[in-house]
Structures are given as C-alpha cells and as structure tokens.
Amino acid sequence: MEKFDCVIIGAGPAGVAAALTLVRKGLTVAVFERGEYPGSKNLFGGVLYSTVLNKLIPEFWKEASVERHITKRRYSILSKNSEMAVEFGFEDFNHPPFNNSFTVLRAKFDRWFAQKAEDAGAVIFTETVVDDFIYDKGKVSGIKARREGGDVYADVVVCAEGANSLLTEKAGLKKKPLPHQMITAVKEIISIPKDVIEDRFNLSDNEGMALEFFGGAVKGMIGSGFIYTNKDSLSVGVGCPISAMKENNMKPNDLLESFKSHPVVKKLLRGGKTEELSAKMIPELGYKTLPKLIADGLLIVGDAGGFVNPSLYREGTNMAMYSGVAAAETILEARQSGDFSEKGLQGYIKKLEESFVMEDLERYGDVPEKLSEMPQLFKEYPDAILKMVQGYFTISDLPKDELHRQAWNGFKDNISMWKLLLDMYKARKAVL
Ligand SMILES: Cc1cc2nc3c(=O)[nH]c(=O)nc-3n(C[C@H](O)[C@H](O)[C@H](O)COP(=O)(O)OP(=O)(O)OC[C@H]3O[C@@H](n4cnc5c(N)ncnc54)[C@H](O)[C@@H]3O)c2cc1C
C-alpha cells in the first residue's frame, strides 16, 4: 500500500505552493496532475501576482520563466468603433520587486514552479487523473488515481483541482456553480517580434503592459477583453459569464474574433501570428456562496475554493498560492496533535480569514453580481458618452457652441443624468 504524509490533487499554483511548503518541512508529498506536465493544461490571462511566491522563492524572477513586469496599465471602454481610455505608467514598478506583477506563460511557469517542488522532494505523478477520494470511517484517507495501483493513501489530502472542481463537488463541499458564477474565457497567444511589441506599446526592455477592454469589446456584456504583453507574444482574450453568453447566444470563439476585429484592437495585433488558442473557466462564486473548505482529512485550495478576486485586479494566482501555503501550514500544525479531522484543520479557515484572501473576497467577491444589475454600464452609457464626445470633436462649419449643444442634447435625450450619476456612484462603490 502506497502512503504519503500528504497527497495533493493538481499541480497548479495552489497545489505546488502547498507541496513546496510541506516538503521543505520534511513531509512526504505526492502531487497528481492530469496534464502531460504541470502547466500543459493551464492557461490564464497573463499577470502573475507574486507577493506569496516572492516569500516562497525570494527574487524568483531571476530564475523563473517570467515574460515582462507590468509598469503600464490601460483601461478602455469601446463602442462599436470608438474608444475612451485611461492609461497609467509607473516608473517605480520598474525596479525589484517589480510591483509583484509579471506576465507569464503558464506552460512554462507552472513547469518551473513544479520543478522547484520536485527538487525539494515532492513526487509528481503527471498524466494521472484523480477520480475520487478514499474514505475511512467518513474521513478522507487517500485518493483513487486512474493508473495501475491507483489507490494512494495519506494522512491528509489537499484538493487543488482548479475551477472545474468535480472532486470538491463529489465530496459534497460545493454545489454545482450556476451559469452566472462561472466565467468562460478564451485566449490566444499571438506572436509578434520583441522590438515591435516594445515600439507599439512604448515599452523598454522587459517592461510590460496590461490592457483591459470593456463595453463593445464583449458586445456590451458584463465581462472584458484583454491584451497582455509577453516577451515576443501577446496574450489576447475575452471572458464573460456563461449566463451572459447564453442570453446573447454567443460562442466564446466568435466573441474573441469580434474583439480582435474591433478597429482599436486590430491595430494593436497587426502582423501577429496566432500560436495557440485555448479556453478555460474562472470561478466567480461570490463571497456568500464560497464552498465548504475543510472536511475530515481534506482541504480545498485555489480556484476550487473560489479564490479569485474578480475586480480590476483579477487576482487568482496569488490567492491560490496563499491558500496553498495556508493549507500546508495548517497541516504542519495538525501533525503536532495528530488530528486531521475537520476540527483539527480549522486553523486553515482562520488563516484565510486573517489574510487578504477573505478580506478581498468579502470586499470584491460580489462585484460581478452587483454590476450585472446595471447592464447599461456596459452598453448604453459607453455608446452614448462616446457619441457625445465624437460630436464635440467633429469639425464642421457650425459654430462650436452649436456643435456642443447638439452633442449634449443628443446625450440627454438618451440618458437620464440622475440615473447615470446614481449608477456611477454604485459602480464605483462596487468596483473600487
Ligand atoms: C482566461 C483566464 C485569465 C486569468 N487571468 C488571470 C490573471 O491575469 N491573473 C491571475 O492572477 N489570475 C488569473 N486567472 C485565474 C488563475 O488562472 C487561477 O486563479 C489560478 O490558476 C488558480 O490556480 P489553482 O492552482 O487553484 O488551479 P489551476 O491553475 O487551474 O490548476 C489546477 C491543476 O489541477 C489539475 N487537475 C484538475 N483536476 C484534476 C484531477 N482530477 N486529477 C489530476 N489533476 C487535476 C489541472 O490539470 C491543473 O493543472 C485567469 C484565469 C483564466 C481562465
């Protein structure tokens, strides 16, 4: 009978952070990953937030597979063929620790991170799906892996299976998410020469930019499009709730094509060659409907636990790593007493509650739900504002006062100012 101190399901950021923390303290750890190698099945938008990683592996950027550090951010609202944008650049983020924001490609980054855990002593079984838990008198005591001799036992199991959390649901800790609680996202990697990227986005060597697009970028649905600069490629994608996609009879790939063909976006992508296309889900469960995170012999970490900050930060990786480390530290404490029951693992909840993870989820977790109550923010308002501004800047033989009056009247005829101000106030409160 194969037995480890801990078995971890999934070699994403959450699972590997847990594994690394445990093996460094001398525990035997097996990680099961269904992909051909860690990262082979993973994709994300592209910005790794790294406060936790920088503690686990100080100055990791010197050796890790990172693309660029983010010094510039641009937020755009698109209408059918116009743009309203605000751009920020921060020279202070151009120095270590680079504001702990790096673009990475998961296939490379996850592999590097998993290798660090392996070097420290973790055993990683790749191309191995975990199908179920093994129970002993109601306590999780191992897992059933889809391989010969696949029953593997452990004092405790960490489930780091990501957004599509079938095992967490199977264990009865989580209900099947509703369509508005899951984002479906598609992303392309588009190769463009390094010097072209730097010229086009006005970046110096290794500097990077994150661009987010709303409104017409995703056909006026709640959600967004994005472009993140890598070394010699761009990560380009869109993400919207499954419910919105259904209501608008929209397919993810069609939405991505429509985003890429918007005149503003098209110019940024010109000359690029699509290298890969993939799709994945992002959980947006909402703070009030997070799953149960512990059971006898079991802890849930990362996306499986719903730990994604859905606001403008879009922070999932850092929360995943924090939860992995918190789970590992809880396991180390539980070993002292030999109590891996739900009661013995309570420290995990306390650690999460005392950290940015639960504070941010409480603050931002329900943002998408609140914004979905104001669909006019993503379509009617951007269209009307851009039309008005276009009117202001349209040169004609009319006197400027008359131009401005026409533009303003056109706006007022379509939009109630009071409602707009109230919605802006509610949106600011929800998002910032
Ligand atoms: C399009 C998109 C854009 C995003 N953008 C950002 C961003 O810019 N910044 C950010 O911080 N976060 C972003 N995120 C979120 C981020 O990717 C996740 O929060 C993070 O990857 C969660 O890590 P995890 O380890 O919990 O899960 P994952 O990274 O999903 O890892 C789970 C692992 O478990 C494996 N697995 C699953 N089931 C089994 C099983 N039964 N048996 C064996 N192995 C299994 C999978 O193959 C996978 O390797 C984005 C996500 C998406 C989809």
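The model is predicted, so local features need pLDDT of at least 70, side-chain atom pairs count only at pLDDT 80 or more, and totals for chains, interfaces and linings use all residues. Residues are numbered from 1 along each chain as its sequence is written, and side-chain values use heavy atoms, with hydrogens and water left out.

Begin by selecting Thr229, which lies in strand E13 (residues 224–229); strands are DSSP runs of at least two residues, helices (H or I) of at least four, numbered from the N terminus. Thr229 is buried, at a relative accessible area of 0% (buried means under 20%, exposed over 50%, partly exposed in between, with a 1.4 Å probe and protein chains only). Beyond its neighbours within four places in sequence, Thr229 is in contact with residues including Arg68, Ile197 and Met209 (contact means heavy atoms within 4.5 Å).

Next, select Phe98 and Phe102. Their ring centres are 5.9 Å apart and their planes at 70 degrees, so the pair is edge-to-face; rings of Phe, Tyr and Trp (its six-membered ring) pair with centres within 6.5 Å, planes under 30 degrees apart being stacked, over 60 edge-to-face and the rest tilted. Phe98 is buried at 12%, and Phe102 is buried at 2%. Ring pairs link Phe60, Trp61, Phe98 and Phe102 into a cluster.

Move to helix H14 (residues 400–414), where Trp408 and Phe411 lie 3 residues apart. Trp408 is partly exposed at 31% relative accessibility, whereas Phe411 is buried at 4%.

Finally, select Arg111, which lies over the face of Tyr37, 3.8 Å from the ring centre (the rule requires NZ of Lys or CZ of Arg within 6 Å of the ring centre and within 35 degrees of the ring normal). Arg106 lies over the face of Phe44, at 5.1 Å from the ring centre.
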